[in-house]
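Me: I would like to go through the labels attached to this predicted model one by one, and ask in each case what the label rests on.

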Amino acid sequence: MSAIEPEAVPAERLSPADFLTLGNALCGIAALRSIMVQGDFRGTDSRFFAGAVLLMLIGAICDLFDGRMARRWRSTPYGPHLDNLADVITFGLVPAAMTLAWAGFASQWALPAMVASAAFFLAIVVRLARYVTAAPEPGIFRGMPAPLCAFTVVSIIVLSPPVPVALAAIACVAALAVSRLPFPKPSSRALAGMMVAWAVVGGCSVVAWAAGVPGGGGWMRFTAATELLAACTLPVIMLRLRRAMRVAHAVPHTRRRTLRRPRRVNVRVRRRAGERVKTRH
């Protein structure tokens, strides 16, 4: 091996990006433990629920930067699979457990909540499996991303609508996860910065609400309402942008004018006509 050639890294050694992905999974396990300790809860009066949401926000930041770290430094072959498993825990299993605990394990809505939670969890699993196998499209995701799905469910629980309305909304989120609607990728620095800023604001509102700061609950509901608004408007904006781009790059259709083909004359007929002219002379 020459001095210029870099040393090969063993496949068994984890990269820094993989450790960040494992941090996402650890946040998901801790959030799930917080929900299990709490049990049934109503509205936003649970401090354990606040801790679970805060852990999910930390996991979302880890999920945002592990891909950038892998592209910049090094990635292992099983990095994408680790990322999917971590996302299933943090953004699939934890929101499903939140839905069950919020609806009540022994209430009359326990069975419908179980159906909605199972539909959401399976939709996240299918969406992540499709993301690994499908060809990537530049700048967009097909279907609502798993972190956005998870925080949409959290926002629904924070706003605390009637249980049938909430379960129907969670079923709609599951349908959006496996849909073909375009959602923007946080590939640009501006969009990634906006997501980090929203996570910081959401984390501050969660901490203020959990600490009992006056107005903390209002900030929590305001953050949830803005997240729901973004989740509803993003696919509409992306569809309009893609339609405008198609119209701008479309080639104007012009009708072709067909020209009449020249009449083909047989060579033998021409020769015979020439011979007749010569005999006349």
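Me: Which elements each supply at least two residues of the lining of the second largest pocket, and what makes a residue part of that lining?
Reply: The elements are α4 and β1 (140-142). A residue belongs to the lining if one of its atoms lies within 4 Å of a point of the pocket, and the residues that do so here are R127, R130, Y131, A134, A135, P136, E137, I140, F141, R142, R180 and K185. The volume of this pocket is about 180 Å³.

Me: What is the volume of the largest pocket, and which residues lie nearest its centre?
Reply: The largest pocket holds about 1500 Å³ of space, and of the 49 residues that line it, D63, L64, F141, P186 and M195 lie nearest the centre. At least two residues of its lining come from each of α1, α2, α3, α4, α5, β2 (182-184), α7 and α8, with α2 giving the largest share, 10 residues. By type, the lining of the largest pocket consists of 29 nonpolar, 9 polar and 11 charged residues.

Me: Why is a space called a cavity and not a pocket, and how many cavities of 30 Å³ or more does a search of the whole structure find?
Reply: A space is called a cavity because a 1.4 Å probe fits there but cannot get out, whereas a pocket is an open set. The search finds 1 cavity of 30 Å³ or more, and the space in the largest cavity comes to about 110 Å³. The cavity is lined by 14 residues, and those closest to its centre are V53, V154, S155, W198 and T223. Each of α2, α5, α7 and α8 contributes at least two residues to this lining, which divides into 9 nonpolar, 4 polar and 1 charged.

Me: How do you know whether V53 is buried or exposed?
Reply: The relative accessible area of V53 is 4%, and since buried means under 20%, V53 counts as buried. V53 is found in helix α2, and its contacts, leaving aside neighbours within four places in sequence, are with M98, V154, V206 and M220.

Me: Which residues have the most contacts inside the largest nonpolar core?
Reply: Within this core of 45 residues, the most contacts belong to F49, M56, M98 and F120. Two or more residues come from each of α1 (16-38), α2 (47-72), α3 (79-103), α4 (110-133), α5 (146-159), α6 (163-177), α7 (189-210) and α8 (216-249), and α5 gives the most, with 10 residues. Another core lies apart from the largest one and has 5 residues, among them A103, A113, A116 and L167.

Me: Why is the aromatic pair of F91 and F151 called tilted?
Reply: The search of the whole structure finds 3 aromatic pairs, and in this one the ring centres of F91 and F151 are 6.4 Å apart, with 55° between the planes. Because pairing requires centres within 6.5 Å, and planes under 30 degrees apart count as stacked and over 60 as edge-to-face, the rings of F91 and F151 form a pair that is tilted. The pair links distant parts of the chain, F91 in helix α3 and F151 in helix α5, 60 residues apart, and both F91 and F151 are buried.

Me: What makes the pair of W219 and F222 edge-to-face?
Reply: The planes of W219 and F222 stand at 90° and the centres at 5.9 Å, so that the angle falls in the class over 60 degrees, which is edge-to-face. W219 and F222 both lie in helix α8, 3 residues apart, about one turn of the helix.

How values were computed:
Residues are numbered from 1 along each chain as its sequence is written. This is a predicted model: local features need pLDDT of at least 70, side-chain atom pairs count only at pLDDT 80 or more; totals for chains, interfaces and linings use all residues. Side-chain values use heavy atoms; hydrogens and water are left out. A nonpolar core is a set of buried Ala, Val, Leu, Ile, Met, Phe, Trp, Tyr and Cys residues joined through side-chain atoms within 4.5 Å. Buried means under 20% relative accessible area, exposed over 50%, partly exposed in between (1.4 Å probe, protein chains only). Helices (H or I, at least four residues) and strands (E, at least two) are DSSP runs, numbered from the N terminus. Rings of Phe, Tyr and Trp (its six-membered ring) pair if their centres lie within 6.5 Å; planes under 30 degrees apart count as stacked, over 60 as edge-to-face and the rest as tilted. On a 1 Å grid over the protein atoms alone, a cavity is a set of points where a 1.4 Å probe fits but cannot get out, and a pocket is an open set with protein on both sides within 12 Å along at least five of seven lines; lining residues have an atom within 4 Å of a point. Grid points are joined across faces, edges and corners, and a volume is the space filled by probe spheres set on the points. Ala, Val, Leu, Ile, Met, Phe, Trp, Tyr, Cys and Pro count as nonpolar, Asp, Glu, Lys and Arg as charged, and the others, Gly among them, as polar. Contact means heavy atoms within 4.5 Å.
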